[in-house]
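Me: I am new to this structure and would like to go through it in short questions. Could you show it to me before we start?

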Amino acid sequence: MSRPVIETTPAPAATRVLTYAEALNEALREEMRRDPRVFVMGEDVAVWGGGGVFGVTRGLVEEFGPQRVRDTPISEEAIAALAVGAAVAGARPVAEFMYADFMGLAMEPIVNQAAKIRYMFGGKASVPVVFRAQEGAGRGNAAQHSQSLEAWFCHIPGLKVAVPSTPADAKGLLVSAIRDENPVVFLEHKILYNTKGPVPAGDVAIPMGVADCKRAGRDATFVGVHTMVHKALAAAEILAAEGIDLEVIDPRTLVPFDLDTIVASVRKTGRLVVGHEAYERCGIGAEIIAQVITAAFDALDAPPVRVCGENVPIPYNARLEAAALPQVEDIVAAVHQVVA
Amino acid sequence: MARKLAVALSPDQLQSMLRTMHMIRQFDLRALDLYREGAMRGSTHPYIGMEAVAVGACAALRPADRITSTHRGHGHCLAKGGDPRLMMAELLGKATGYCKGKGGSMHIADVEAGILGANGIVGGGIGLATGAALAAQLAGRDDVTLCFFGDGALNQGILHESANLAAIWKLPVVYICENNQYAMSARADKFTSVPDPEVRAKAYGFPGVSCDGMDVMAVYRTVADAVARARAGEGPSLVVCVTYRYFGHHVGDPLNYRDKAEVDAWKTKDPIDRFQADRLAAAVTQEIDAAVAFAKASPEPEVEALMEDVYA
């Protein structure tokens, strides 16, 4: 197979409004057209509902055929391991896990093979694989289908971790993930699939490791992922009415992590709140706070605060589930605490 | 068909196979020395006694074919054309090693040469090999991947998942189980549900065969059949090679789970001795055959010769 050109030439940015799922679909479709080595595999990615339980792979099998859009048996470890082997052997797999929770079955090839092969082999192999999954709560899917597990993967050297919160970020980051020579764990959020936003048409990659300021503010910095970005924007409106100006930063990728942008924000505001749906204990928020304190202790006017999921399995009941998750009012309260 | 393939090996190829078997044995004997003198860290898992498996199997491959290996991987790497200098440097953790000293014995790899790595996880190469076979199929190439694993890996879940996928997608992979009788102290006949693991292939709908893993030509013939099938797009096979490791699992193995008589009995089947003896016998047979042919083709004496040579 000829080596495709992978330089990105930004197209004239005609921007449409797409859902997060449509944006991901567009990224897959465009990358599969661009590079014949790219293929998709996973459970129910081809036939079910025309492509994927959440529609992310919709229509791909019609365009690219069942060789490149492969429904698999329910074999998560093999899905991950075959993807790793295929990547080492020259293909560019995008392996889908229907729920991030199921990646527990696939941790061996992700953690012990994909993440380490390049290093163990003295830098002489590449593992250009994307492990896609959706995570998060909010739909009553209960304890085994609602977790946010990004911290597992952030802990492992050799993996990159992307967590887009908007349709534009979803497309641009997935394009970059597919072109990356390293294994990327690409975590989507099930609640975000039907959210809409402007997405540039054409070949627009968003580089890994570049945070995005979703709202500029002077008084406090919020750093969060996935739904917490949107909840923080809602909190910012409430706080604005009180005269508190919240800056909202989405790191977009957790590995690599754009510490510089966050430290610059904290140097401006002097106050930091971090948020994620994932369990608070040993979550990525602790790491973010540790890094900011180490880099900019002098800039902090108050102890940083976490707004995170409770340390409890996600319950089924709607009231209990909502109580287990960080909400807009929790962010408002946390900001009150740091600006007090 | 298998016989024909085996016969097709040239004298040079056979000589090269014998040489590689010696190379593996001496490499691992030297590795044991280096370990004992403290030049190596971690552990080393000698392949000694099993040389016929790697050499016989890899003799069935083309250069573009691939293998995945195991924690006991030195033999596979050498048989697939690995450079003993770069391997030895890796064992000593040197910058010139295959992995620049970062991998050590259990992670030696040469992706360009089709060696997709030794592996520190039992069964860790099974999914990788199956995926490499998928990549070959997607790229429209007829390359085959050989997947070496031990009897211990027979009971890892990844083998079930991979075998099923390889079967439904007809992937060009050959699963080679090196049944060396023990996974650390766990006897294969006590820890695996069937005494003849090749029967498990039936559950996936592809061929499962066993062969004498102490006989390099038996391994070659059996694997060559499976490789030909995979290359023709007919899908995977399982080949169980019945063999034995002469040494412990690694240096420091208490070896309290088997007795010396058992080891000695296996050593009487030594694969290098056997191949050398077979090669010598074959050479002699060839010479005798030639003698017979010469004799048969030779003319009868003429009647005129009757009275010749009575006196000088």
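Reply: The conversation below takes up the numbering, the domains, some strands and helices, and a few backbone details.

Me: What should I know before reading residue names?
Reply: Residues are numbered from 1 along each chain as its sequence is written, while chains are lettered from A and ligands numbered from 1 in the order in which they are written. This is a predicted model, in which local features need pLDDT of at least 70, side-chain atom pairs count only at pLDDT 80 or more, and totals for chains, interfaces and linings use all residues.

Me: Into which domains is chain A divided?
Reply: Chain A has domain 1 (17-200) and domain 2 (212-339); such bounds come from an automatic or database domain assignment. The C-alpha centres of domain 1 of chain A and domain 2 of chain A are 26 Å apart.

Me: How many residues of the two domains are in contact?
Reply: On the side of domain 1 of chain A there are 25 residues in contact with 27 residues of domain 2 of chain A. Two residues are in contact if their C-beta atoms, placed from the backbone, lie within 7 Å.

Me: Which elements supply that side of domain 1?
Reply: Helix H6 (150-154), strand E6 (160-162) and helix H7 (167-179) of chain A each supply at least two residues of the side of domain 1 of chain A that touches domain 2 of chain A. Helices (H or I, at least four residues) and strands (E, at least two) are DSSP runs, numbered from the N terminus. By class, that side of domain 1 of chain A has 14 nonpolar, eight polar and three charged residues. Here Ala, Val, Leu, Ile, Met, Phe, Trp, Tyr, Cys and Pro count as nonpolar, Asp, Glu, Lys and Arg as charged, and the others, Gly among them, as polar.

Me: And how many residues of chain B are in contact with chain A?
Reply: In chain B, 30 residues are in contact with 30 residues of chain A. Helix H6 (124-138) and helix H7 (157-168) of chain B each supply at least two residues of the side of chain B that touches chain A. The largest share of that side, eleven residues, comes from H6(B). The side of chain B that touches chain A divides into 16 nonpolar, ten polar and four charged residues.

Me: Staying with chain B, what is the strand order of its open sheet?
Reply: The five strands of this open sheet in chain B have the order E1-E2-E3-E7-E6, with parallel pairing. Two strands pair if DSSP finds at least two bridges between them. Strand E1 (66-68) and strand E6 (208-212) of chain B stand at the edges, each with a single partner strand, so one side of each is left without a neighbour in the sheet.

Me: Which strand is joined to E1(B)?
Reply: Three bridges join E1(B) to strand E2 (residues 145-150) of chain B, and the two run parallel. Within this pair, Ile67(B) stands opposite Leu146(B) in E2(B).

Me: Back to chain A: is strand E5 buried or exposed?
Reply: Strand E5 (residues 130-135) of chain A is mostly covered, with six of its six residues buried. A residue is buried if 20 or more other C-beta atoms lie within 10 Å of its own, exposed if 12 or fewer, and partly exposed in between, with C-beta atoms placed from the backbone. Val130(A), Arg132(A) and Gln134(A) point one way from E5(A), and Phe131(A), Ala133(A) and Glu135(A) the other way.

Me: Which strands pair with E5(A)?
Reply: Strand E4 (residues 92-97) of chain A pairs with E5(A) in the parallel sense over four bridges, and Phe97(A) has Ala133(A) as its bridge partner in E5(A). E5(A) also pairs in the parallel sense with strand E7 (residues 184-189) of chain A, over six bridges. There, Val130(A) stands opposite Val184(A) in E7(A).

Me: Where is there a cis peptide bond?
Reply: A cis peptide bond joins Val255(A) and Pro256(A), with omega of about -5°. Pro256(A) lies in the loop between strand E12 (253-255) and helix H9 (259-269) of chain A.

Me: What about the phi of Asp44(A)?
Reply: Asp44(A) has a positive phi of about 60° although it is not a glycine. Asp44(A) lies in the loop between strand E2 (38-42) and helix H2 (60-68) of chain A. Asp44(A) counts as partly exposed because it has 16 C-beta neighbours inside 10 Å.
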